[in-house]
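Hello,

Here is the structure I promised to pass on to you. Please open it alongside this email, and then read on for what turned up in it.

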Amino acid sequence: MQSLVNSGLISLGNNFFLIPFSFIDSFFFRSGIGDQTTLRADRRANRSRNIRGPHSALTDFLASNNISAAQIRDDYDRRVSEAARQANGETTAAAAEDQDSEFEPEPEPESPEDKVKKRKRQQTIERIKKTKEFARRKARKTGEPDDDDDWIANQIADDKARPAPGQLENCEICGKRFTVTSYSKAGPEGGLLCADCSKKQVKGDGKKAPAKKRVSGPSRRQNKTKLLDGETPHGAQSLLEMCIKKVAESIDDVEEFGDLPPPVMHRLSQILSKRRAVTPRILNLFLRRNHRELNIYDCAQLQTDDYHRILALMPDLIKLNLRFVTPMKDNIFDYMVENNKSIRDLHLRAPNLVTDDCWRRFFIKMGPRLQSLKLWDLDAAFDNKTAEVMCENCTGLERLKLQHIVKIGDETLTAISSLKALKHLSLWFSQDTKPEPLLKIISSVGPNLRTLSLQEFKNADDTLLQSIHDHCRSLTKLRFTNNDLCTDQALTSLFRDWSNPPLTYVDFYALRDVDMSNPAGPPEPIGLASNGFIALMEHSGSKIQSLSIASCRHISRDAFETVFDENKRYPHLKNFDISFTGPVDDYIAQCIVRCCPALTKLVAFGCFNIRDLKVNMGVAVIGTVSEPTFKGIAQAETM
Amino acid sequence: MWHGPPSRHVYKPVEDRRLRDLHASTRTSMASTISEYVTLVSCDGFEFIIPRSAACVSGTIRRMLDPSSKFSEAITGRCTLETLTGIVLEKVCEYLLFNEKHKDQANVSDMDIPPELCLELLMAADYLDT
């Protein structure tokens with residue numbers, strides 16, 4: 001028995017069993033820790049590791065023989081301390097002893113209670129396993145190799161057994177008494193540490209306990225953003241694109257672009273504009289005397305002076321493409337008329353401070369030279385009269401785009417029909433218009449048109465389609481959206497026996513009937529439905545590159561099966577938008593992928609029946625509920 | 001892999017047998033099959049020996065090395081890029097291999113480009129059609 005006592009096994013359990021008693025003594029005296037505390041800390045450490053060492057077995061045995069380990073140890077402590085006091089009469093030791101005795105518990109038989117405690121703890125753990133906290137921790141832990149229910153439950157039990165904040169506790173390392181806070185750290189043996197020791201502990205732990213390991217590479221959200229931006233989901237980007245992005249990132253450090261070619265400047269401008277970073281300083285980088293075009297997609301931060309600077313520093317401009325140009329005023333337009341005589345392409349978005357008078361002056365002087373005019377979002381000026389002046393003077397206009405110009409309507413449409421040189425026409429009016437002026441445009445300029453885009457002409461009807469069929473024979477792009485008057489029959493006859501060569505770009509977004517009480521639509525289908533779709537693909541399938549049939553919800557499943565039959569191939573179709581077409585399910589989508597070998601982008605918002613789509617590498621699938629699987633790529637990598 | 005300008009004091013390529021063999025491996029005689037490696041040389045004399053497949057990611061280099069063109073580059077498997085410095089060409093080669101390595105992977109993060117190099121690299125990328 002004596003040897004056991006000397007080895008320290010009885011009093012302190014397996015944790016200290018190699019430490020000689022002399023050390024433990026000095027530790028106790030110096031720190032003044034009561035044995036209760038030590039034992040508690042000791043047990044806690046045991047619990048957290050879930051090890052039952054010789055401690056419990058021996059104490060069990062001793063307890064069964066009615067011998068208290070604590071009693072033996074206390075006696076030993078007293079003897080040693082008395083000896084020490086007698087030897088040198090150290091006051092500190094005495095004080096420590098006094099303090100020590102304050103915390104001394106009544107010598108109680110540990111051992112029988114241990115069983116009870118063990119059982120209680122077991123019950124506690126069982127209870128904890130049913131709690132929400134346990135489920136939460138388990139969810140967080142899954143994936144780790146050694147996730148163990150008991151271990152998690154033990155952790156929670158230990159956390160609960162910790163002294164609550166506000167209680168007093170003795171530090172495990174330095175033994176100082178301190179107030180427990182929620183920031184108190186656990187020591188190496190499971191006890192708590194005072195503020196100073198906690199700090200040291202954290203420093204030591206810093207390296208071995210890093211924050212949750214993050215998988216390197218872009219996040220899921222970034223990947224989705226890239227997809228929507230049209231970037232390929234596979235392989236590296238081109239070096240050019242990477243560099244342009246990097247330059248845009250560190251634009252504040254760039255003093256001069258050097259001899260960057262115009263396409264690169266254009267791309268840089270796009271990226272910077274998207275970030276809304278084009279300030280007067282950055283504008284300077286884009287102003288190059290020898291360049292013939294300037295594209296800035298966000299001029300919101302530029303002042304009136306900056307427009308003068310653009311026009312003065314680049315007098316040979318041929319193409320001027322500025323968006324959100326609110327501070328642009330009459331005097332800038334007048335200056336442009338005087339100074340920049342070579343401008344042929346003018347693309348302006350929202351120059352709302354320019355008056356009608358100025359527009360007319362501008363068209364009278366510059367009109368004959370203009371080849372391309374694109375205007376968006378005008379509401380304060382630009383009325384029908386101005387548009388008429390424009391059409392009278394811009395005789396050489398080949399490309400015209402007018403979108404969301406509030407004050408123009410039927411008269412403007414009538415005037416546009418006099419622009420005989422038009423090759424590209426894009427109209428999106430804010431006012432409601434009659435169908436007749438559109439017919440007039442098609443009949444007079446239709447034969448020359450290469451591209452035609454008519455958006456939200458709600459009153460256009462079958463006669464318009466008939467007119468396109470009769471007059472247009474060089475179209476490559478046709479956009480006709482948001483209409484619920486044209487019938488499937490008219491769309492079918494548009495594509496049947498049409499002398500126009502196959503189209504490469506078709507957008508029939510939202511050609512459908514909208515009637516809440518009759519979701520299936522009338523028996524004679526309205527909008528692009530089965531027959532129209534089949535006729536369209538028969539006519540243009542061989543050349544089509546981009547196709548949108550979004551929201552054309554009366555196309556039947558049978559029509560999809562016919563169009564994407566096993567033997568059909570659409571070799572050039574790259575972009576395909578099938579959003580909100582109900583019948584498209586996994587099978588149809590798979591047929592689409594099979595029939596379109598060149599497909600790079602499949603937009604399928606609201607196609608809830610697409611659940612498990614397998615696509616080739618390089619195809620961006622946007623909007624599906626579930627992630628597509630890529631042939632030859634592990635699913636994990638696609639995240 | 002690269003070695004310094006052809007100055008005796010800086011580097012002696014002849015003495016490195018492995019490098020010499022590597023150089024030999026990039027050379028193709030008219031009759032033999034085209035070699036698997038090509039040499040890219042910068043204007044200041046740095047040489048980079050990289051796989052042909054990686055080099056051909058660049059449209060310009062691909063056209064230089066096209067065997068049907070009978071350009072001297074195609075015959076010798078050695079492209080001298082007079083407009084690029086060694087530093088830039090090193091980064092270009094890094095990209096070519098980066099591209100080769102990640103060509104079948106989904107959602108590749110961008111290669112690290114030092115900001116001070118990016119404008120020069122941008123010009124190089126434009127020239128090389130990569």
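**Two helices side by side in chain A**

Keep in mind that this is a predicted model. On H23(A), the contact is made by A:Asp488, A:Leu491, A:Thr492 and A:Phe495. H24(A) brings A:Asn531, A:Gly532, A:Ala535, A:Leu536, A:Glu538 and A:His539 to it. By class, the residues of this contact are 4 nonpolar, 4 polar and 2 charged.

**Where chain A meets chain B**

How many residues does each chain give to the contact? Chain A gives 29 residues and chain B gives 22 residues. On the side of chain A, helix H13 (239–249) and helix H27 (635–638) each supply at least two residues. Sorted by class, the side of chain A that touches chain B has 16 nonpolar, 10 polar and 3 charged residues.

**A helix in chain B**

Now look at helix H5 (residues 86–101) of chain B. At 1.5 Å a residue, its 16 residues should span 22 Å, and its end C-alpha atoms are 22 Å apart, which agrees. Among the buried residues of H5(B) are B:Val88, B:Leu89, B:Tyr95 and B:Phe98. What covers the buried residues of H5(B) includes H13 of chain A, along with strand S2 (37–42) and helix H6 (115–128) of chain B.

Happy exploring!

Key:
Residues are numbered from 1 along each chain as its sequence is written. Chains are lettered from A and ligands numbered from 1 in the order in which they are written. This is a predicted model: local features need pLDDT of at least 70, side-chain atom pairs count only at pLDDT 80 or more; totals for chains, interfaces and linings use all residues. Two residues are in contact if their C-beta atoms, placed from the backbone, lie within 7 Å. Helices (H or I, at least four residues) and strands (E, at least two) are DSSP runs, numbered from the N terminus. Ala, Val, Leu, Ile, Met, Phe, Trp, Tyr, Cys and Pro count as nonpolar, Asp, Glu, Lys and Arg as charged, and the others, Gly among them, as polar. The expected span of a helix is 1.5 Å times one less than its number of residues. A residue is buried if 20 or more other C-beta atoms lie within 10 Å of its own, exposed if 12 or fewer, and partly exposed in between; C-beta atoms are placed from the backbone.
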